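Dear colleague,

I am passing on the structure that I mentioned, and my notes on it follow directly below. Please read them with the structure open beside you.

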Number of protein chains: 2
Amino acid sequence: MSTKGLDHSHYGGRLVELSLSYCLSWRLAVEVNNIQGWRTVPIQCLYDVEVYMLGGQYASDLNLIVDQISSYVDEIVMSEDGMDAWILDVDDTCLSNIFYYKGKRFGGDPYDPQAFKEWASRGIARAIPPILRLFQKLIDRGFKVFLISGRDETTFEQPTLHNLHFQGFFGFERLILRSETYKGQSGMVYKSEMRRKLVEEGYRIWGNVGDQWSDLHGQFVGNRTFKLPNPMYFVP
Amino acid sequence: MSTKGLDHSHYGGRLVELSLSYCLSWRLAVEVNNIQGWRTVPIQCLYDVEVYMLGGQYASDLNLIVDQISSYVDEIVMSEDGMDAWILDVDDTCLSNIFYYKGKRFGGDPYDPQAFKEWASRGIARAIPPILRLFQKLIDRGFKVFLISGRDETTFEQPTLHNLHFQGFFGFERLILRSETYKGQSGMVYKSEMRRKLVEEGYRIWGNVGDQWSDLHGQFVGNRTFKLPNPMYFVP
C-alpha cells in the first residue's frame with residue numbers, strides 16, 4: 001500500500017468519524033424536537049439511520065423506554081370506575097413500518113402518500129415487540145387502551161384492524177382513525193381533539209406513547225407522555 | 001495469549017458493547033424526558049457520560065443545535081417597539097459547570113448543595129462557546145435577552161454577574177435570580193412565574209433555551225424552545 005493510499009484511508013476515516021458525530025447530533029436534535037419540519041434524512045446520515053434502525057440501538061432504546069413506562073404503570077393506583085385510560089399511537093408505535101421505509105432509504109426519500117397507502121392497505125406491518133408487551137400489560141391491569149392514528153378512516157379502518165389483530169393487539173377499547181371532519185388538520189390538532197373527547201367522556205389519560213411529538217404535544221396530553229425514537233420521518 | 005484469555009477479552013468486549021448501547025439509550029431517554037427525577041448517572045454509564053462531555057460529541061451536539069437556533073433567529077421579523085425577547089438559562093446553558101462536575105464523577109455523585117455553592121461563588125465557570133456566539137447574535141439583532149436562573153439571588157447575584165461579564169456576556173436586559181418568595185419552588189413553577197411577568201410587561205418571547213426540561217415546560221414557554229443536552233444532572 002502506498003503512502004498516498006494510507007493518507008487517503010486516514011482521511012476517509014476522519015470523514016466517517018465527523019459524519020458519525022454529525023449524524024448522532026442530528027438524531028438527538030430530531031428526537032428532542034430541536035429540529036422540526038424536516039422532510040428527509042440528511043444524505044450523509046442515510047447509512048447512520050439504517051444502522052441505527054437495524055443494528056440494535058433502536059431496539060435497545062425502545063426496550064429501555066418500555067422498562068421506564070412499565071415502572072410508571074406499576075405505580076398507578078387504578079380506580080374501580082373503569083375510566084383509567086391509556087393512549088397509544090399506531091404507526092411506528094404499535095406497528096413497525098421499518099420494512100416499508102427500507103424501500104425508501106430509511107427516510108432518505110420524501111414522503112410518498114401513494115406508496116404508503118399501498119403498504120398500509122396490505123396490513124402486514126409487524127408489531128413492535130416491547131410495545132406489544134406494554135400493551136398486554138396495560139390490558140391485563142385493566143386500562144382502557146385507545147389507539148389514535150392519523151390514518152384516514154375510510155381507507156384504512158379494515159386493514160389497520162386486521163393488521164393489529166393479526167399481530168396480537170387484542171382488547172383495546174377503540175381504534176380512532178381520522179374521519180372526514182379532520183382531514184388536512186395537523187396531527188397535533190387532530191389528536192388533541194380526539195383526546196379532548198375522551199376526557200369529556202370522563203376518561204383519565206394516565207399515559208400517552210408515540211413516536212412523533214405531534215402525538216404528545218397540544219391539549220389533554222395525559223399525565224405522562226413518552227416519546228419513542230423515529231429518525232425516519234417527521235409528522236407535524 | 002491463551003484461548004481462555006481470548007475468550008475473556010471477547011466476553012469483556014461484548015460487555016463493553018452492551019453497556020455502551022445501554023448508556024446511549026439512557027442518555028437518549030434522559031434527553032427526551034422519558035426518564036424524569038433521576039438523582040445520579042447510572043454507575044455503568046459514568047465513563048460514557050465523561051467521554052460524551054469531554055470527547056467531542058457534547059460539543060458537536062451543541063454546535064448543531066445553535067446552528068438550528070441561528071436559522072430560526074434569522075427568520076424572525078423584529079418589531080420596532082423593542083419588546084422582542086429571548087430567554088436563556090444560566091447553568092450549563094450560558095456557563096459551563098463541567099469542571100465542577102468533573103469532581104463529582106460527571107453526575108455519578110448526588111447533588112451537593114454546599115460544594116456547588118462554593119463553586120458558583122467563585123464565579124469561574126467558562127462560557128459555553130456556541131451559546132456565547134448565539135447570545136452575541138441575539139444582542140446584535142436587537143433582542144432583549146433575559147437570563148433566568150434558579151440560583152439564589154441573595155447568595156449568587158454578584159458572583160454570577162461577575163462570571164457572566166468576565167466570560168463575555170454583555171448587554172443582556174436582566175439577570176433574573178430566585179428571590180426569597182420563590183425559594184423551595186420547582187424550577188418549572190418559578191421560571192413560568194418569571195416568564196409570566198415578562199409577558200405581562202409586554203415582551204414577546206421568541207425563544208427559550210435551557211439544558212433542563214423545567215426551563216422549557218410550564219407556562220409562557222415562548223414561541224420556540226430548545227433543549228441543550230445535559231446527562232449530568234436533573235432539575236425538577
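Predicted model: local features only at pLDDT ≥ 70, side-chain atom pairs only at ≥ 80, totals over all residues.

A:D109 sits in the loop of chain A that runs between α4 (98-102) and α5 (113-122), where helices (H or I, at least four residues) and strands (E, at least two) are DSSP runs numbered from the N terminus. With a relative accessibility of 25%, A:D109 counts as partly exposed; the scale used here calls a residue buried under 20% relative accessible area, exposed over 50% and partly exposed in between, with a 1.4 Å probe and protein chains only. Once neighbours within four places in sequence are set aside, A:D109 is in contact with A:T40, A:G103 and A:K104, contact meaning heavy atoms within 4.5 Å. A:D109 and A:V41 are 68 residues apart in sequence, yet their C-alpha atoms are 7.9 Å apart in space.

Residues are numbered from 1 along each chain as its sequence is written, chains are lettered from A and ligands numbered from 1 in the order in which they are written, and side-chain values use heavy atoms, with hydrogens and water left out.

The loop between α4 and α5 of chain A also holds A:R105, which is partly exposed at 40% relative accessibility and has a positive phi of about 50° although it is not a glycine. Most residues other than glycine have a negative phi. In chain B, a positive phi near 50° is found at B:F220, again in a residue other than glycine. B:F220 belongs to the loop between α9 (213-216) and β7 (224-227) of chain B, and its relative accessible area of 34% makes it partly exposed.

A:S192, for its part, is placed in helix α8 (residues 187-200) of chain A and is buried, at a relative accessible area of 8%. Not counting residues up to four places away in sequence, A:S192 touches A:H217, A:G218, A:Q219 and A:F220. The C-alpha atoms of A:S192 and A:S214, which are 22 residues apart along the chain, are separated by 9.1 Å.

As for chain A as a whole, it contains nine helices and seven strands, and buried residues make up 51% of its 236 residues. Its C-alpha trace spans about 75 × 40 × 30 Å along the principal axes. Among contacts between residues at least 6 apart in sequence, 71% join residues at least 24 apart.

How are the two copies related? A rotation of 180° with 0.0 Å of shift along its axis superposes chain B on chain A with an RMSD of 0.0 Å, the superposition being by least squares on the C-alpha atoms of residues with pLDDT of at least 70 in both copies. The two copies are thus related as by a two-fold rotation axis. In chain B, the C-alpha nearest that axis belongs to B:V32, at 2.5 Å from it. The same surface serves both copies, since 100% of the contact residues of chain B recur in chain A.
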